[in-house]
Amino acid sequence: MKTVTNKNQLLHTDKKTAALLEDLHRLLSAEGTETYLVGGFLRNLVLKKPTADIDLCVIGNGFSAASKISRHFKATQIVLDADNDVTRVMLPGFQLDISGTPDISANLARRDFNLNAMAAPLSALNHGNLQIHAIVDPMQGLRDIENRVIRVTSSEVFRADPIRLIRAIRLSAELGFELDEQTQSLITTHAGLISTVAGERIREELLKLLETSQTGIWEKCLELGLLLSIFTELDPCCRHPQPYEHTWDVLEHSIKTIYALDAILGKSVWPYQKPEITSEIYRDSNFEKYFIQQISGTSRIRTLAKLAALLHDIAKPQTRSTDPDGRVRFTGHPLEGSRITSEILTRLRFSKKEISLVEKMVCYHLRPVQMNPDGQLPSSKAIYRYFRDLSEAATATLYLSLADHLATDGPNLMVANWQEHVNIVAHILSEQKRQLTRLTPKRLITGTDLIERFALRPGPRIKILLGEIAEAQAAGEIKTRREAFKFISQRLGGKPENNLN
């Protein structure tokens, strides 16, 4: 990026964005409404980071301007903050946040960080191009962008809106900028205020933070007191010791698991081993598509898997026990951890589907390595049951188990054990693909077939028997309708009249 102190520098938007901004200018200026580009959109324009989120500030009534825009485009309008006159309009490919103010300078002074406290009049754009000298910059946001620093506009920023505590960390991670000393000090001072913020708002900022892959950002959250203010249940994990095979304590291990998962998913590099440690992991053609799959609102499987990585060992402190021989165990910590996870995510207003997904990952994060007794690869039936029980969370949990392994050993990784784990995951995923192929045709027999052929009464056992047929079919043990009937006959002891109800 050229130095932003070059006032003649020209900023460019893409053609689609330029066309929309011109339409908005014509629409709003027709009534004499003075409109500014502000906030994250203008900051990202300076940084040459494309974004579909456009922030507008109008001199006057923001809701009225938003209503005019929504009517013109026949778009959905959502009131975000009635007290502060903030409305969102959803357009195809764009999200507009429109606020109103009587004075642009006063509006900028109330914003969170200097690099967000800039404005540019829509009238200054020429076919989507904007000269830097047209930017209104009373807080020296351009200077902070050039110095790659995030600085609060005032000491009251976090008290005015504590959600900015997370936003500061998130922007640091997204942009790769440093937090200045005053901002860090204020976060530490006001970290406890995050508990006063509505769960929905914390969820949104948390998901955005989980989208980033900046190394060290979660330690920064911990250092500034924010991590334990959001997740108070993690406090017992802090500095809680682990058995000798672990490199880090429980909370450090959990944080490292986030980074390990990012490396496994190809979003970063695991710094404790050679790159081929993660590059040789099995990834099929649907790998990327699976992890970017949207679950609810702004959440994706990848972000929820990283959240599970943070919480997967949360119940270790309360489940800790020591055998007579001195061996430390955490018996039942996955199940107890899933219960605690559900409580946390309910508090943060995650959806039922999101909670179920993360809860399953936490509950079953050890299951992949428990499916190979005596060093044998998991059986076809074990694999079928695994995917049956975990459903949409199954694949993510396999990669979480690998991340857990890396974050356990760290620099002391035993390559032979790691390769065995990698092979198990590859076998499970490959076998599941084969099973899906076997199960693709129409199911061999129905519940009605069972009732009529074997004189069974309708009831829950019919579902159990159909599940056993599907399991045997997935394992390749039965392939035809005749074989399915024979399988059930054997299950019923060879007596058609036998009723298991």
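**Exercise 1.** State how many helices and strands the chain has.

Solution. The chain has 25 helices and 14 strands. Both are DSSP runs numbered from the N terminus: helices are H or I with at least four residues, strands are E with at least two. The model is predicted: local features need pLDDT of at least 70, side-chain atom pairs count only at pLDDT 80 or more, and totals for chains, interfaces and linings use all residues. Residues are numbered from 1 along each chain as its sequence is written, and side-chain values use heavy atoms, without hydrogens and water.

**Exercise 2.** Find what share of the chain is buried.

Solution. Buried means under 20% relative accessible area with a 1.4 Å probe, counting protein chains only. Of the 501 residues, 51% are buried.

**Exercise 3.** Determine how helix α20 is oriented to helix α21, and which residues meet.

Solution. Step one: take axes as lines fitted to C-alpha atoms over the stretch in contact, with angles from 0 to 180 degrees between N-to-C directions. Step two: the axes of α20 (residues 380–390) and α21 (residues 394–409) come within 8 Å and cross at roughly 110°. Step three: α20 is therefore roughly perpendicular to α21, a class that covers 65 to 115 degrees. Step four: with contact meaning heavy atoms within 4.5 Å, Tyr386, Phe387 and Leu390 of α20 meet Ala394, Thr395, Thr397 and Leu398 of α21.

**Exercise 4.** Treat helices α23 and α24 likewise.

Solution. The axes of α23 (residues 447–454) and α24 (residues 460–474) are 10 Å apart, at an angle of about 110°. So α23 is roughly perpendicular to α24. Gly447, Leu450 and Ile451 of α23 make the contact with Ile462, Leu465 and Leu466 of α24.

Terms used: Buried means under 20% relative accessible area, exposed over 50%, partly exposed in between (1.4 Å probe, protein chains only). Angles under 35 degrees count as roughly parallel, over 145 as roughly antiparallel, 65 to 115 as roughly perpendicular and the rest as oblique.
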